[in-house]
Amino acid sequence: MWSKVIIEITERQLQAGSIGGKYFDSSFQRIHDLGFKIALDDVAYGSNSFSFVSHHLDQISIIKLSLLIFDDISTETMIQFIDAWVAFAKEKHLSVVLEAVRSKEIAQRYAGNKNIYQQGYYWEKGLELKDMP
């Protein structure tokens, strides 16, 4: 029943707070054991590092990559970064959400991949009523 519910972990305040790291890990495991899917937000940005993702591979179903950090980086470098995380996710059987997709080039490059989802400014453009399905 719960397998269709995804809990998004956006911050690791529990780990830094009074509960402590070992209790955070057990809470993370409990969420997974209850049958919920876990999406880890802002991977490779802030506290959700590669090390943290690797440590929790058994509990995580989805990693979310924010592209906001690439404002001053070329599209080519951004694509290499995304491709590296996508290759890792594929090897570990994780889905990827690309957050803050802002360009047609990025949107088209990753469109149609059943394990890559996109959200962001490029996709939030409204449709005219006549263009809606």
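Tutor: Let's start with a definition: a residue counts as exposed when its relative accessible area is over 50%, as buried when that area is under 20%, and as partly exposed in between. Keep in mind that this is a predicted model.

Student: Is Glu91 buried or exposed?

Tutor: Glu91 has a relative accessible area of 56%, so it is exposed. Now try Lys92, which stands at 33% relative accessibility and therefore counts as partly exposed.

Student: Which residue does Lys92 meet in a salt bridge?

Tutor: Here is the general idea: side chains of opposite charge can pair when their charged atoms come close. In this structure, the side chain of Lys92 meets that of Glu91 in a salt bridge, at 3.5 Å from N to O.

Student: How many salt bridges does the whole structure have?

Tutor: A search of the whole structure finds five. One of them joins the side chains of Arg102 and Asp71, with 2.6 Å from N to O. That pair links distant parts of the chain, 31 residues apart: Arg102 sits in the loop between E4 and helix H5 (104-110), while Asp71 sits in the loop between strand E3 (60-66) and H4. Arg102 is partly exposed, at 39% relative accessibility.

Student: Where do Asp83 and Arg109 lie?

Tutor: Asp83 is in helix H4 and Arg109 in helix H5, 26 residues apart, and their pair links these distant parts of the chain. Their side chains form a salt bridge of 3.1 Å, N to O. Asp83 is partly exposed, with a relative accessible area of 28%, and Arg109 counts as partly exposed too, at 46%.

Student: Let's turn to rings. How many aromatic pairs does the structure hold?

Tutor: There are four aromatic pairs. Take Phe50 and Phe88: their ring centres are 4.9 Å apart and their planes make an angle of 55°, giving a tilted pair.

Student: Why does this pair tie together parts that are 38 residues apart in sequence?

Tutor: Because Phe50 lies in helix H3 (residues 50-55) and Phe88 lies in helix H4 (residues 75-91), the pair ties those parts together. Phe50 is partly exposed, with a relative accessible area of 44%, whereas Phe88 is buried, at 13%. Phe50 and Phe88 also form one aromatic cluster with Trp85.

Student: I'd like to read a strand next. Where is Ser95 found?

Tutor: Ser95 is found in strand E4, which covers residues 95-99. Ser95 counts as buried, at 15% relative accessibility. Leaving aside neighbours within four places in sequence, Ser95 is in contact with Ser61, Ile62, Ile63, Asn115 and Tyr117.

Student: And what is the relative accessibility of Val97?

Tutor: Val97 is at 11%, so it counts as buried. Val97 is also in strand E4. If we again leave out neighbours within four places in sequence, the contacts of Val97 include Lys64, Leu65 and Gln119. The C-alpha atoms of Val97 and Gln119 are 7.3 Å apart, although these residues are 22 residues apart along the chain.

Student: Which side chain makes a polar contact with the side chain of Glu99?

Tutor: That partner is Lys64, at 3.3 Å. Glu99 is found in strand E4 and is buried, with a relative accessible area of 11%. Apart from neighbours within four places in sequence, Glu99 has contacts that include Asp41, Asp42 and Leu67. Finally, a network of salt bridges links Glu8, Lys64 and Glu99.

Methods. Residues are numbered from 1 along each chain as its sequence is written. This is a predicted model: local features need pLDDT of at least 70, side-chain atom pairs count only at pLDDT 80 or more; totals for chains, interfaces and linings use all residues. Side-chain values use heavy atoms; hydrogens and water are left out. Rings of Phe, Tyr and Trp (its six-membered ring) pair if their centres lie within 6.5 Å; planes under 30 degrees apart count as stacked, over 60 as edge-to-face and the rest as tilted. Helices (H or I, at least four residues) and strands (E, at least two) are DSSP runs, numbered from the N terminus. Buried means under 20% relative accessible area, exposed over 50%, partly exposed in between (1.4 Å probe, protein chains only). Contact means heavy atoms within 4.5 Å. A polar contact is a pair of N or O atoms within 3.5 Å; within protein, one must be able to donate a hydrogen and the other to accept it, and residues adjacent in sequence count only if both atoms are side-chain atoms. A salt bridge is a side-chain nitrogen of Lys or Arg within 4 Å of a carboxyl oxygen of Asp or Glu.
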